[in-house]
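Okay, thanks everyone, I'll keep this short. Let me put the model up on the screen and then walk you through some salt bridges and the interface.

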Amino acid sequence: MADEFKQITNFDRLIHEPSRLAIMAVLSACENADFTFLLNATGLSKGNLSSHLSKLRDAGYVNITKGFKGNYPHTTCALTRGGRRAFDAYRKQYLALARRLKK
Amino acid sequence: MTIQPDIEALISETRQYEFVDGLRDLQMAAMMAFFGILIWFGLTPTGMRSFVLMILYLKDTFGSWATRLISLSVYFLLLVAFLVGSFWMMRALRRKWLWRESGWVKPLRMQVPGRVNILAAAIFLSGIAVSITLLIAGKVDESFVLRMLWAATGWCFGFTLLGMGREIGLMRYVRLGAVGGIASTILLFLPLSFGQAAILLNGAWALALGITGAIALRGSSTAIRQVNHGR
């Protein structure tokens with residue numbers, strides 16, 4: 001059991017936070033997604049989503065592109081290469097731990 | 001959010017988003033119908049006459065270099081133009097209607113796993129190899145080999161659809177791929193010409209994908225209407 005606790009402490013804390021984990025999971029499954037899609041997929045409020053995206057951008061995991069679609073502002077988010085690697089590593093750890101706990 | 005999210009469900013739902021509205025099914029259906037008609041028409045006397053007239057016109061107007069260039073690539077160019085046009089229409093429908101409220105996603109480039117593509121190609125080539133072996137052994141005639149081209153195409157496409165359906169968790173593609181792939185075998189036992197087999201295979205797939213696409217689109221548009229009326 002001590003090993004399992006040790007594995008949990010080794011998780012990337014930035015990704016492990018539930019809201020940011022949801023954001024990373026959604027972005028890992030596509031090339032990019034806009035703000036509206038992330039809002040609907042994660043169920044977060046606009047403020048919360050913006051705040052978490054900023055943290056992920058500052059860590060170099062997410063690229064945020066602001067533009068316009070017609071007259072409306074349009075924000076698109078995508079995982080960076082580093083972000084994809086970090087999420088893949090997190091997911092491997094998470095699944096390995098889940099399998100171990102199941103046994 | 002305080003509870004750990006189900007990341008596998010989020011990943012699955014995001015990967016399925018591209019296919020939930022049924023437009024990809026309808027696009028594939030349109031492509032297959034167009035391709036089948038193009039092949040069939042090209043092999044009819046009218047089609048061949050039109051092709052020869054086009055070559056003569058190009059030679060008189062632009063010279064022989066244009067004739068060679070355009071006549072070799074005309075079918076390919078038509079398919080590319082149709083593909084580009086269908087993607088444009090899909091984007092327009094999603095921008096103005098289907099994805100306006102739910103948001104925009106650019107899907108991953110490789111939705112089909114590499115191993116599925118390799119196996120699908122192996123299935124196609126195996127079919128051709130078997131038919132050529134049987135032809136050399138004198139068990140079948142040349143028309144069987146030509147029909148095998150289309151049957152093997154059906155197996156290959158069915159397997160790819162099944163593989164993609166399993167990868168992204170979309171059951172309708174798993175069922176459609178399995179049933180359609182197996183049903184493509186029927187072509188081997190029907191007395192059809194190359195052009196007739198082309199239109200039958202592509203037409204059947206177009207019909208199946210058209211039905212699944214229309215059902216999915218109806219579901220999506222109902223959901224959008226309910227959301228709008230709830231405001």
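So, let's start with Arg24(B), which is partly exposed, at a relative accessible area of 21%. Keep in mind that this is a predicted model. The partner of Arg24(B) in a salt bridge is Glu18(B), with the closest N and O atoms 2.8 Å apart. Is Glu18(B) buried or exposed? Buried: its relative accessible area is 7%, and the cut-off for buried is under 20%, so Arg24(B) at 21% counts as partly exposed.

Next one over: Arg172(B) makes a salt bridge with Asp25(B), and there the closest N and O atoms are 2.9 Å apart. What I like here is the sequence separation. Arg172(B) sits in helix H7 of chain B, residues 171-183, while Asp25(B) sits in helix H2 of chain B, residues 23-42, so this pair ties together parts 147 residues apart in sequence. And Asp25(B) is buried, with a relative accessible area of 0%.

For contrast, hop over to chain A. Asp58(A) and Arg57(A) form a salt bridge too, with 3.7 Å between the closest N and O atoms. Asp58(A) is exposed, at 63% relative accessible area, and Arg57(A) is partly exposed, at 39%. Over all chains, the structure holds 10 salt bridges.

Now, how many of those salt bridges cross the interface of chain B and chain A? The rule finds 2. One of them joins Arg91(A) to Glu8(B), with the closest N and O atoms 2.7 Å apart. On the chain B side, helix H1 (7-20) and strand S1 (105-107) each supply at least two of the residues that touch chain A. H1(B) gives the largest share, 7 residues. By type, that side of chain B splits into 11 nonpolar, 5 polar and 6 charged residues.

As for the strand, S1(B) pairs with strand S1 of chain A, residues 30-34, in the antiparallel sense over 3 bridges. In S1(B), Val105(B) is the bridge partner of Ala33(A).

Last, the overall numbers. The contact takes 22 residues from chain B and 29 from chain A. About 2100 Å² is buried between the two chains, with carbon and sulfur atoms giving 63% of that. We also get 7 residue pairs in polar contact between chain B and chain A, both residues at pLDDT 80 or more.

That's me done, thanks.

Terms used:
Residues numbered from 1 in each chain as written. Chains lettered and ligands numbered in written order. Predicted model: local features only at pLDDT ≥ 70, side-chain atom pairs only at ≥ 80, totals over all residues. Heavy atoms only, no water. Contact = heavy atoms within 4.5 Å. Buried area = accessible area lost by both parts, 1.4 Å probe. Salt bridge = Lys/Arg side-chain N within 4 Å of Asp/Glu carboxyl O. Polar contact = N/O pair within 3.5 Å; in protein donor to acceptor, adjacent residues only side chain to side chain. Helix = DSSP H or I, 4+ residues; strand = E, 2+ residues; numbered from the N terminus. Nonpolar A, V, L, I, M, F, W, Y, C, P; charged D, E, K, R; others polar. Pairing = 2+ DSSP bridges. Buried < 20%, exposed > 50% of the residue type's maximum accessible area, 1.4 Å probe, protein only.
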